[in-house]
Amino acid sequence: MTNNSVHYSPETIRQFQGNPLIEALPPRLSIPEIIRQLQNQSRPEYSDEDRECSPEDRGMLVQTLDRFYQPCEKDIDIYNKIERCIRWGYADRNPFSPEFIQQQHHEYEAQIHNEGFVRYTQAYPSSSGFALLGISGLGKSTTLRHILSRYPQVIHHSRYKGIPFNETQITWIHMDCPNDGSLKGLCEVFFQHIDALLGTNYFSQYSGKSVTLNKMRIAMARIARTYHLGVIVIDEIQALAVAKDESIPVKTLNFLVTLVNTIGVPVVLVGTPRALTFLQKEFQQAKRASGQGDALWEHMQNDDAWRMFVKAIWKYQYTRNKVDLTREMSDALFEEAVGVPFLAVNIYMLVQESAIYSGEETFSPQSIHKIASEKMKLTLGHRKALLSGKEVNLKQYLDLTPFSAADFRNTIVNSLEPPAPVHISKPDLRETAVQALCSFGIDRPSATKCVNRALAKFPGCTHSSVLAREAYDDYLRNQSSSKPSAKSSSSSSKSMALTNGYAENLSGGFIGL
Amino acid sequence: MASSLTCFPTPLPGESLYSIFCRYHVRSCNALDATTIKQLFDGCRSLQTSILSPRALKNARNWIDTTPGFNRSSLMLEHTAYPFFRTFIPHTNTVFTSYSADRFFLKLYLNCSTPSKRLRYCPKCAQAQWETFGTSYWEILPQINGYEICPIHLEPIRETNVSHQDIIHHFFPASSVLANSSPVEDVSHRRWIDSHWMAFLQMAQDIDYIFRLSATDFLLGVKIRRVLLYNLLPVRDRWEHALLNDPVLDKCADEELSNYIASLYQDTYKLATQIPFAPAFVQLRVCRLLFGDIKRFVSRRV
């Protein structure tokens with residue numbers, strides 16, 4: 001979306017006044033206004049008359065639900081975070097400030113002399129980003145897309161308060177982390193996005209074997225400054241976890257931190273809990289990822305919020321006979337969708353399709369269970385894993401690994417004072433890790449042994465999740481080295497089958513959970 | 001390629017066109033100079049410009065009319081030396097009101113001025129620009145021969161090691177050049193300036209005055225105020241006398257000037273208008289010597 005005539009709204013906050021990049025943004029909204037706006041842009045059309053259409057047409061109309069989006073409390077939190085990120089990010093990047101333009105020259109110098117631009121570092125204390133982590137299907141990306149679409153993505157300035165002001169402002173970029181998690185790939189994706197927005201040719205200029213990584217990094221930083229980039233949203237950040245080289249996530253995240261520190265562009269990282277494996281390791285990342293307070297989403301509970309959500313989607317019903325929403329229906333949907341809105345919408349669509357094409361034109365809670373087990377086999381393992389949390393291979397379903405917000409915050413707190421005394425007492429830590437292992441179906445004595453061995457191996461470990469993972473690894477190693485019993489053999493073969501299926505589906509792009 | 005340049009910089013006061021292009025290159029984030037040149041000049045391989053000429057605007061068709069905030073006319077009048085040199089011509093207005101008079105300007109450039117061979121700047125102006133605008137830039141006036149002292153800072157103009165030949169194919173942003181090189185100090189030149197400090201200061205003030213006056217006149221549609229040859233011909237003998245006895249001009253008696261002096265003896269107006277022009281700074285100096293104050297002279301001779 002591009003804005004041609006720029007309207008500058010006067011700012012009430014002193015630090016934002018006189019900054020055209022901030023004043024060109026849409027005015028801030030109150031909570032009811034946000035909800036209204038998000039709802040307006042995300043509710044597909046529906047009419048009861050559609051029920052009279054032919055089965056073929058109704059089968060097609062059911063897909064309307066794909067576009068459904070229900071704003072909730074968490075979304076308002078994200079909206080506020082994005083607002084703060086963008087506005088405070090711009091606060092220190094006033095294009096009229098001589099320092100801002102001087103930095104542009106320093107970066108140019110760095111590029112022509114092929115130096116790192118870090119030596120020109122200028123502190124931007126108020127800019128920061130946040131991490132939005134949660135299992136797939138919770139609507140993280142959808143929420144961000146809806147919130148970001150509120151801002152004109154490109155703003156062309158020409159005059160500000162009578163002064164010539166020829167600047168192009170890109171308020172946000174939402175891009176996916178490359179599959180290999182490489183920094184080079186990330187830079188290339190960035191250039192492609194800029195080219196698509198502005199009609200430039202940075203990708204062709206800065207890609208290819210002859211271009212060094214350092215050059216690409218500086219170019220990316222320079223472009224971000226020149227076009228006054230408001231915020232970079234990097235989705236699917238968990239891709240860094242599958243990088244072949246263990247140093248890749250660190251390098252990539254370090255660069256993103258540098259981008260925040262030197263250019264002042266806030267970075268929002270979006271991904272599944274798998275991203276915690278590397279985000280928690282480094283203080284810098286953890287600090288940046290929670291600059292605006294971390295956003296760790298978990299699947300919904302079967303409570304009022306869930307029922308409100310189901311009520312909202314229930315309206316989009318295309319069976320000839322109207323099916324009322326009952327508590328049983330809502331519970332059945334929750335059971336099958338395990339509190340994941342994306343799955344709930346999918347199941348609801350499939351149930352309706354089945355009812356329409358079979359001619360039954362109605363459905364029941366049993367239909368929901370039946371359809372979910374028959375037509376959503378690929379996600380069956382994941383759903384079971386989420387529902388029970390038992391007998392699940394932790395590594396196999398790392399994207400679903402439940403995480404503790406406290407753990408994440410502890411990473412930050414502890415890292416602030418690296419050599420400081422450990423805040424968590426060892427017995428508590430041990431007990432938490434043991435309990436975590438027990439929840440995966442490991443008997444308590446074995447779990448205790450594994451945790452003790454892990455503690456002996458990493459005496460400085462302060463995070464229960466890290467300790468639990470190490471202990472679980474240890475458990476798996478011991479299991480595979482010892483002669484398997486009949487029970488464990490069957491369990492492991494089942495587990496192996498699931499693992500293989502998961503890998504195939506993942507590589508084939510079939511798993512959308 | 002975008003029809004308008006998304007990050008073309010806002011021109012700064014007194015900045016030369018070449019300097020604006022340099023700043024665009026910095027902002028464009030292009031990897032190579034050639035890429036920026038291509039964007040600016042519709043596929044050309046060189047900048048098509050000298051530091052003072054508006055010639056480059058002729059080829060800048062692709063973006064100039066669609067980029068908001070300025071137009072050809074404002075760029076030509078405020079960011080090239082065209083307003084200054086147009087006052088030193090003995091022809092009618094119409095021929096020279098367009099930037100496209102390439103051949104004329106080339107001739108004017110070569111004959112009205114004996115340009116220095118390298119880019120020049122006032123160190124104090126550069127410092128002030130860096131602090132005020134966040135960038136230093138190449139100003140127009142210091143590139144004009146005869147402008148040897150900054151009338152604002154009373155500082156001798158310095159020369160860099162970037163030659164006029166270099167800038168045809170490459171961008172040398174002032175901030176980068178000045179940060180990475182020390183000024184070239186020509187000791188004998190400096191002595192010469194010091195020994196005629198007041199004369200050079202007056203000349204710099206006159207160049208500044210003529211430049212601004214002509215640009216304003218052009219915008220207001222006022223007929224060109226010709227300073228030189230044409231108006232001075234009636235007082236030819238006095239001029240010759242002044243010319244030969246002035247220690248400042250004596251130093252500059254190069255071949256071009258000798259030719260001009262010789263031509264003064266060709267006693268026909270027609271021939272006089274066809275011969276090469278005297279360097280602008282020579283003419284300004286003569287005006288000063290003969291009339292004391294350039295402002296009075298100009299206003300009297302409109």
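Biologist: Which residues of S6(A) point one way, and which the other way?

Modeller: In a regular strand the side chains alternate between the two faces of the sheet. Here A:Val231, A:Val233 and A:Asp235 point one way from S6(A), while A:Ile232 and A:Ile234 point the other way. This is a predicted model, in which local features need pLDDT of at least 70, side-chain atom pairs count only at pLDDT 80 or more, and totals for chains, interfaces and linings use all residues. Residues are numbered from 1 along each chain as its sequence is written, chains are lettered from A and ligands numbered from 1 in the order in which they are written, and side-chain values use heavy atoms, with hydrogens and water left out.

Biologist: How many residues of strand S6 are buried?

Modeller: Buried means under 20% relative accessible area, exposed over 50%, and partly exposed in between, with a 1.4 Å probe and protein chains only. Strands (E, at least two residues) and helices (H or I, at least four) are DSSP runs, numbered from the N terminus. Strand S6 covers residues 231-235 of chain A, and five of its five residues are buried.

Biologist: Which strands are joined to S6(A) by bridges?

Modeller: Two strands pair if DSSP finds at least two bridges between them. Strand S5 (residues 172-176) of chain A runs parallel to S6(A), with five bridges; A:Met175 has A:Ile234 as its bridge partner. Strand S7 (residues 267-271) of chain A is also parallel to S6(A), with three bridges, and A:Ile232 is partnered there by A:Val267.

Biologist: What unit do S6(A), helix H10 and S7(A) make?

Modeller: A crossover is right-handed if, with the strands pointing away from the viewer, the path from the first strand over the helix to the second runs clockwise. S6(A), helix H10 (residues 247-263) of chain A and S7(A) make a right-handed β-α-β unit.

Biologist: Where is A:Glu236 found, and what is its phi?

Modeller: A:Glu236 is found in the loop between S6 and H10 of chain A. Its phi is positive, about 55°, although A:Glu236 is not a glycine. At 35% relative accessibility, A:Glu236 is partly exposed.
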